[in-house]
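Please examine the structure shown below before reading on. The paragraphs that follow lead through it step by step.

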Amino acid sequence: MNFIRTVIIALPKGFYTTLKHLFKKPVTRKYPYERREMAPRYRGKHYLERYDDGTERCVCCGLCAASCPADAIYMEGGETDNGERFAKVYEINLLRCIFCGFCEEACPEEAIFLGHEYEFSDDNRDSFIYTKEQMLANRPKEKPFKRIIRKVRRIF
Amino acid sequence: MSSADDNKVTLTIDGREVTVPRGMTVLEAAKSIGIEIPTFCWHPKLKPVGACRMCYVEIEKMPKLAVSCATEAMPGMVVHTDSDLVKQGRRAVLEFILLNHPLDCPTCDKGGECDLQDLTFAHGIDDSQFDFNKYRFIRDKKSTFDDYRLGPEIIRNQNRCILCYKCVRSNKEVFGEYDLGAFQRGNITEIDTGPGQQVDSIYSGNLVEICPVGALTNTDWRYNIRVWKTQKVNSICQYCADGCNLTLWKDRQKIYRATSRRNDAIDEGWICNRGRYGYQIANAEGRLTVPLIKRGERQENATWDEAIELIARRFKEIKDKKGGVCIGGLAYPGLDSASLYAFSKLFRTILNSNNVDFRIDYKMLPEEPGDLYTQITSRKFSIAGIENSDVVLVIGSNLINEHPITNLRVRKVVTQKGAKLYTLNPFATKSGDISTDEIIYRAGTVEALINGLCVSIVEQKLASDTVDASKLATRVEPNTVAQAAKISGVEADRIVGLAQALGEAKHITLITGELLSTSITRDAITAAIMNLALLCGMAENGQIGFLSKYANSKGAEKLGVMPLLSDSLIAEMKTLWGGYPEQKGLGADRMILSAKKEEIDALFVMGSDPMLCYPDGQFVREGIEKLDFLVVADLFETRTTQMADVVLPLSSIAEMSGDFVNLEGTVQHFDQAIKPLGQSMPGYDICNKIASALKEPLFESVARMQPDIMRLLLREENPEIQRELREVKTSVEQASGEYTVPLFVVDQAHHFAHLTERSKSLSAFCSEAHLELSPSMAEKLHAETGTLIRVESEVGKVILPVIISEHIDNDVAVVTRNFSANPVNDLQMRKQRVDYVRLTRVEEK
Amino acid sequence: MILNETSVAEIKEKMVRYPRRKSAILPALTVAYHQVGHLNDDIYDEIASIIDIPAVEIAEAATFYTMFPKHPVGKYLIQVCHNISCALLGADSLVHYLEEKLGIKKGETTPDNVFTLITVECLGSCASAPMMQINDQYYEFLTREKVDAILDELRKQA
């Protein structure tokens, strides 16, 4: 009986599953050539936002660093030429970051966002210290109407 | 009700009965039983003003809410601090304060420690019923906010100001500075400097600390870090001997600011700018981080092992050949007690030499132990005790510069408790503006003046009966008021008036300062002052404060970092160390003299800069040049390290823990804030390394050494004053020839010794040496502020820019000594009681 | 010295009337204002040296009171009250009307140096709001017609 249950019934059943998938659309992708569209609220690599006139939104208030549960954010404040506060140093250690998005939520100036980029690998640890310049450059190029929608969202 | 109860009132606060002294406010009564009432404008050390209305409480039978900070507690009052009406009132006040307050907490430096932020959060205010635009002060049209510099270090943002007036009030009430005011009225009221002034007084940093919001910020803290990222470290100020308690705010390896840690026995919550910005030397540029060894003409980087090996080899050579007497040691009295103790132990046990001293800025030192001055300085003095006095007598001290916080206590007792202040100085000082009589004597005649006072007290029959006053006339010279008046250049009736005030006083505090302690006639002046003290009965009713200068001068005295010690202290050391060198030691000045005569071959200087600070530039240069071997440990490159054979990097006070003994004799502990920079080491480790290389280590660990140090520091030596009048004969030096203007070399108000010029903020107040002149003197020279004047004495000359003083009104030249670019000690001569100079204008070509 | 001898003498004479020197600030400022027509930092310094009080305290008192103009003003200084009673009864529109009529903004002086228009805090005549003060004279229960008449009258005198 045991032999019948484990071999004669189970084996064709298993092969049937394999056979079935031969005719289905595959769930895997040809990764480097095909990329996934992430969910709108996916939390990937951070970026820093700018004002429309090009100045940085970040004022180095330190709330992101305070809210960070992994203590991944380091910042040093400074003074711009016209006496305003700005982040002289702003670094995120991506190896420590757990992509919880608390920094985005804490930010009172709407300066830091978690983008959709999820591909970051490197062969040394130093390059995972993500600097302010990289974060400003990482800002996605949005289509104009999307930006308007974001602005409307900001108002409400 | 008995009379004892007349001074007490009993009231009920939140259902609890409390009995408080009459005159206390409801707020203080509530605080005394642990009920917190929110406030903005109230401050424990200021008079109440009731500007913010935040401290509303409900008092039964009063028609409206009352401001508790300005309502006196009355018998039978029933107070509610937590009723609905009170909450409603406080909410309304907060809403009103927030009317024009910007919501820029993310950029505001006060964010995280702001009273307004905390209370708004506590009262749950999230919306306003006023929807019109906020009123904005904008000076600069380009900027969206109003940041405006009130002084070198203070930035004001008027939009954030909630008009508690604490800054203006403390400035006027406590510090006696009139450079800040509240102008205009209503919601356009503006805190600003007076016409043509700027806020640069020595107490100005307190205005920032006292501000409940971010309206006043200082440049060192501004925008650098958020308060919640820092750690607090308890520290003690490393400059003057007041010993104010500080909190250092640090993150990682950097200190970001220093604030006061209130200690009512000493500082009452106020600190001066030196203490507030002086921490910056720890993180300043140019710190020495590796040992340097002179090879040929250049000093080159070396390892600790090389440096210590060289020092040990040379010290051993000299010691074996000529004995320990040929090695001398100068320590900076602003070092911690452990370093000073290790320094003294290194010399006395390992090198077998008594040549240790810390008094590098004294002209001539006594050559016998147990001199009167050292006896008097070891007597007890208490800063808080000044408040018991009804007469304060300051002799030879520019108190506000030398001891800013002691000066505040004197100010307090004079302006708030009605005591009388008398100052006796060779030139007018800022502390004199509240004095009943500010007596200016001719330079170098203070004994004559004090003798005159003594004679006058006896003549007026006001002398204390604990002393036999009949012999006074035979023991002092001059022995009449008229003669004293003639010699000192003070009107006779002012001497008589002061004598009368002193004779009639119930409790006198006598304070003397640097102008006396560094003088070569120190003993004669001390004897004269002792006569005066005995005649006024100060030994019983009063206190005598011969204030020491540096943070740990008192500690150095107690630890015996001096060549000549009292027998009891030597006995103590023998029991601690099991031995004590036989030969008599040399004082700082004698060491340099011996070096000049090539009797001393090696000198170990720890932390001090005699080349800049010793009051005879030429003498000290010649002495140090003749040395065979000079070892200097210091924080920075100084004029002395430049001549050294071995330079050792010393850790700053922030980089170690230890203790200081302040001018009262209070031992105060400070904690380590940051790690020693580079390869620098605390003084005790350096001494231990040298000792280990020579013979044996001084200690296993610093903690093991601590009981020995404490035994010496806590040793009470309160020598009995002999109740006998002393002989004081005055010899008056006259200015001769072409050098006629008396010279006084003092510390600049914002600087202390040779270290503070490295502090960025303190240098923003003043960064170069100046010549301070009276307006009439400046007019004679046709000089204005900034005019270059050539100051020449018999031995040297210096060119300095002029500052026209607001206080000085006689013909003296006051120069500041803290700047290595202008070594003004070149003008001084160590044997001269008063240095005289000639002033000429530098003609521009 | 901006203050002349008679002013200085007058200040000194008024100074001795008060037990505390600080009380003499306002009388001294009034004397200076009557001589010069306005006040400025130099005058505060001079008064400070006469009555021996820090210049800050003088400046604080002077800036608190809108009755002392801090800049040169025209012959007639029109001070319109804009506090609560007057505001409820139309002080704002009155100011607008005056601005329109004189062709200047609040705080300015007409080019012919006759009128200066400012708004001030309560002048203590709330029962007769809206009101204004021109130099030392009160004008109360104001309407547009009344303002016209007053200005015409003054312009004739100017």
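Confidence in chain C is lowest in helix 7 (residues 144-157) of chain C, with a mean of 91, and highest in helix 4 (residues 55-64) of chain C, at 94. These values are pLDDT, the predictor's confidence in each residue, on a scale from 0 to 100. Helices (H or I, at least four residues) and strands (E, at least two) are DSSP runs, numbered from the N terminus. Over chain C the mean pLDDT is 91, and 100% of its residues reach 70 or more. The model scores ipTM 0.88 and pTM 0.90.

This is a predicted model, in which local features need pLDDT of at least 70 and side-chain atom pairs count only at pLDDT 80 or more, while totals for chains, interfaces and linings use all residues. Residues are numbered from 1 along each chain as its sequence is written, and chains are lettered from A and ligands numbered from 1 in the order in which they are written.

Chain B may be considered next. It contains 26 helices and 35 strands. Along the principal axes, its C-alpha atoms fill a box of roughly 90 × 70 × 65 Å. Of the 845 residues of chain B, 56% count as buried. A residue is buried if 20 or more other C-beta atoms, placed from the backbone, lie within 10 Å of its own; it is exposed if 12 or fewer do, and partly exposed in between.

How is chain B divided into domains? The assignment, which is automatic or from a database, gives domain 1 (3-97), domain 2 (115-121 + 129-282), domain 3 (292-370 + 552-713), domain 4 (382-546) and domain 5 (733-841). The C-alpha centres of domain 3 and domain 4 of chain B lie 36 Å apart. Seven residues of domain 3 of chain B are in contact with six residues of domain 4 of chain B, where contact requires C-beta atoms, placed from the backbone, within 7 Å.

Chain B also touches other chains. Twelve residues of chain B are in contact with 13 residues of chain A, and twelve residues of chain B are in contact with eleven residues of chain C.

Terms used
Two residues are in contact if their C-beta atoms, placed from the backbone, lie within 7 Å.
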